[in-house]
Amino acid sequence: MKRIAILTAGGDTPALNATIYGAVERANALKIEVYGIIRGYAGLVDPRTPHVRLNPLFTTIPELDPCKGGTLLGASRTYVDPAESELLGQIGSRLKKLGIEGLICVGGDGTINGMQPLSEMLPCVLAPKTIDNDLGLNYLDEVHEWNEAGDRKELLTKPQREAIQLDEIINFATPGYATACFVVAQGMERIRTTAESHRRIAIVEVMGRDSGYIPLGSAYGQPDVILIPEVPLDMDRLERRIAELYDLQKHVVISIGEGIVDSTGHQLGAAHKSFDPAGNVVFSGAAEELKRMLVKRFGDEFFDSRRKHESGDSAIFTRKVGHTQRGGRPILFDRFYATQLGGKTVDLLHQGKNNVIATLQWSTKDGFRLDSIPAQRLRDQWGRIHARHVHPSLYDADKFQPSRLGMQYLSTILTSAVGADDIEQLSREIFSPGKLVARYQSVNIDIQRRIETIKDA
Ligand code: F6P
């Protein structure tokens, strides 16, 4: 194998450059050239197929910084439809023209779907990424629990296995997740003291679509109530708990996953379908919707009777952590394992594997190790890939907090996730006087000089 390509697809994470770096460094050792495709699958769909040589003379280009968030290749939510056979044929001949013998796709569940038809033309492997931490399975045969309709509501009411062993989890954590938890936990802590001073109820919305791993990880910021999309809202119980907490400590902090559903299965924050070909829904504000519901339930009287002379509308406030949880420097856990997984994908291609996913496994005996799984093992019997949900045994729905097992899961990933260099970098860089005089230097400008295209496209 002389030349391979790599692309980053779907929503970005802070650890993408680290994954690319790991792949390129491994390729250097194996004397394989790596071309980076610009803007994910959109770059393949483009007849010019813009690309960058990431390791000319088997030396990694300096623009590729594993400590920098985002992706120097750019990302897009474009994906390749298996039904478009003509387009697929064109992509195949473009890759051939470029001499590409294997493809690494860095992405999540949508990216695997895009990779499937490509894997019929050339060997493809996936390096996992997503801050949502939803790529994988709670246990191997979990895929068989989906019904034909692929209806999440039905899955929620269907009996699942009551308990899981952490050792069984396929793809224990995805690069990007730890950094998202790091940002979210700090967000919770910062909201806390202001809610406390003003005796308010703070509702903090975090990302994660249909999976509640990020709200679960927000537990490190000690929110009083954690609401995950896997457990439909029980408004009576929630109202009681909030009133109880408010009477005790005169303020409440609630962490809410953006994809939270009400008792009928309706997503509170779902605004409209996006232009995302994967059909993902755009969330406009679950926190706002929950606020409206709580203001209605509590009314102004609740706060009046507690000598807080503020209307319900101003005593309850919302904040979204937003895209800050998806950007910036990746913390040590993400950098380290993203780099390892990137390297693993090159090894998999080198070993002649196709349509497989590099995974990060964990066992009680040995801790973390790398492995791989055929992409097909993540598909249900109708061929669909579903976001991994937080297993019920990881969350205590009565206490609105992670369960004991959930705490064990989180601490396995996060206890040592921040490196000393992360702290050092922060104290050195955040108020560096040089920043006041120098403009931000975008990698998009630097990389532009290196972009090549197919000449006779
Ligand atoms: O899937 C990753 C993710 O960050 C979700 O957590 C979030 O809902 C979504 O992407 C946001 O996507 P976009 O940046 O395209 O709005």
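Reply: Two strands pair if DSSP finds at least two bridges between them. The structure shown here is a predicted model.

Me: How many bridges join strand β4 to β5?
Reply: Strand β4 covers residues 103–107, and β4 and β5 run parallel. In this pairing, G107 stands opposite P128 of β5. The number of bridges that join β4 to β5 is five.

Me: What is the handedness of the β-α-β unit that β4, helix α4 and β5 make?
Reply: Helix α4 spans residues 109–118 and belongs to the unit together with β4 and β5. The unit is right-handed.

Me: Which residue of β12 is the bridge partner of L126?
Reply: Strand β12, residues 356–363, runs parallel to β5, and two bridges join them. The partner of L126 in β12 is I357.

Me: Why is strand β5 described as largely enclosed by the rest of the structure?
Reply: In a regular strand, side chains alternate between the two faces of the sheet. From β5, C124, L126 and P128 point one way, while V125 and A127 point the other way, and all are buried. Strand β5 (residues 124–128) is largely enclosed because, of its five residues, the number buried is five.

Me: Is helix α8 parallel, antiparallel, perpendicular or oblique to α9?
Reply: Helix α8 (residues 235–249) packs against helix α9 (residues 286–304) with the axes 11 Å apart and at an angle of about 45°. This angle therefore makes the orientation of α8 to α9 oblique.

Me: What is the handedness of the crossing of α8 and α9?
Reply: The contact includes M235 and Y246 of α8, and L290 and F303 of α9. The crossing of these two helices, α8 and α9, is right-handed.

Methods:
Residues numbered from 1 in each chain as written. Predicted model: local features only at pLDDT ≥ 70, side-chain atom pairs only at ≥ 80, totals over all residues. Heavy atoms only, no water. Buried < 20%, exposed > 50% of the residue type's maximum accessible area, 1.4 Å probe, protein only. Helix = DSSP H or I, 4+ residues; strand = E, 2+ residues; numbered from the N terminus. Right-handed = clockwise from strand over helix to strand, strands pointing away. Axes fitted to C-alpha atoms, helices over the stretch in contact; angles between N-to-C directions. Parallel < 35°, antiparallel > 145°, perpendicular 65-115°, else oblique. Left-handed = near helix turned anticlockwise from the far one by under 90°. Contact = heavy atoms within 4.5 Å.
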